[in-house]
Amino acid sequence: VYASFLAYLSDNYVDVAQTLRPHASVMVNEWNPVSIDQCPSANMACARLPKLRLVSTISTAAGSNALSICDEVTNVGNEPGELQLMYHTNLGPPLLEQGSRLIAAAREVAPYDSHSAKAIENWTTFGAPSTGFVQQCYFIEPIADESGAVTVMLCNQAEDKGFGISFNNRELPCFTLWKNMQGEADGYVTGQDPGTSFPILKSFERNQGRVISLPPGESYRTSL
């Protein structure tokens, strides 16, 4: 599952101790649907909100097991607009199972809360479905090569199946790992999410310099 979140990634939170969910406040007043050889786009405009236009190009080739996503967000308003992007990718069975692991090179890993901190030594590994599991979440600064390229991959226990995400940390410097190892009927899933920031209080992210201020007429581009 792929999603771009615009403008207000975290303003839905009243308190940082609330249950973590990637949320967005987006007012979409125009949507051009997907069709062959066309780019889907959405315009977001509302009083007191940034006026942002997203043009998303998703492409693949016949017989390929990969696809590419190229997004361009443009500020079509007359004032600077704040922007946050996160690509929320939920993965479950058969990739996700007991013994699955995340392959990722990390410079720094920070737990979302004290509960997640208790399991930080095993942040790259996944357990079997467990009724009543309390979600865990980790904020990661990935290591990139000289060009900024990053690749992370979820592989199954046998390491014969995998799902990789490649992105550039100059565009998407943050990576969020969400573990929700509940029973399968309740949502046995992991979220692996490149982004411009982390899904916590926007005021905190702004103070850390992770909220983009997009001048009028300027665009921000990402590719995965």
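Author: The protein chain has three helices and 15 strands; helices (H or I, at least four residues) and strands (E, at least two) are DSSP runs, numbered from the N terminus. This is a predicted model, in which local features need pLDDT of at least 70 and side-chain atom pairs count only at pLDDT 80 or more, while totals for chains, interfaces and linings use all residues. Residues are numbered from 1 along each chain as its sequence is written, and side-chain values use heavy atoms, with hydrogens and water left out.

First, the confidence. pLDDT is the predictor's confidence in each residue, from 0 to 100. The protein chain averages 84, and 78% of the residues score at least 70. Over residues 10-31 the pLDDT is below 50, though this stretch has 63 contacts in the model beyond near neighbours in sequence; contact means heavy atoms within 4.5 Å. Where pLDDT is low, the predicted coordinates should not be read in detail.

Three strands form an open sheet in the order 7-10-11, with antiparallel pairing. Strand 7 (101-103) and strand 11 (162-168) stand at the edges; each has a single partner strand, so one side of each is left without a neighbour in the sheet. Neighbouring strands of this sheet are turned by 15° against each other on average, direction ignored. For such angles, axes are lines fitted to C-alpha atoms, for helices over the stretch in contact, and angles run from 0 to 180 degrees between N-to-C directions.

Strands of a sheet pair through backbone hydrogen bonds, either parallel or antiparallel. Two strands count as paired if DSSP finds at least two bridges between them. Strand 7 and strand 10 (residues 149-155) run antiparallel and are joined by three bridges. Within this pair, L102 stands opposite L154 in strand 10.

Strand 10 also holds A149. A149 is partly exposed, with a relative accessible area of 34%; buried means under 20% relative accessible area, exposed over 50%, partly exposed in between (1.4 Å probe, protein chains only). Not counting residues up to four places away in sequence, A149 touches I143, A144, F167 and N168. A149 and E171 are 22 residues apart in sequence, and their C-alpha atoms are 9.9 Å apart in space.

C155 is buried, with a relative accessible area of 3%, and C137 counts as buried at 3% relative accessibility. A disulfide is a pair of cysteine sulfur atoms within 2.5 Å, and by this rule the count comes to zero.

E159 lies in the loop between strand 10 and strand 11, and has a positive phi of about 60° although it is not a glycine. P94 has its place in the loop between strand 6 (90-91) and strand 7. A cis peptide bond joins P93 and P94, with omega about 5°.

Last, the setting of the sheet. Of the 224 residues of the protein chain, 41% count as buried. Among contacts in the protein chain between residues at least 6 apart in sequence, 64% join residues at least 24 apart.
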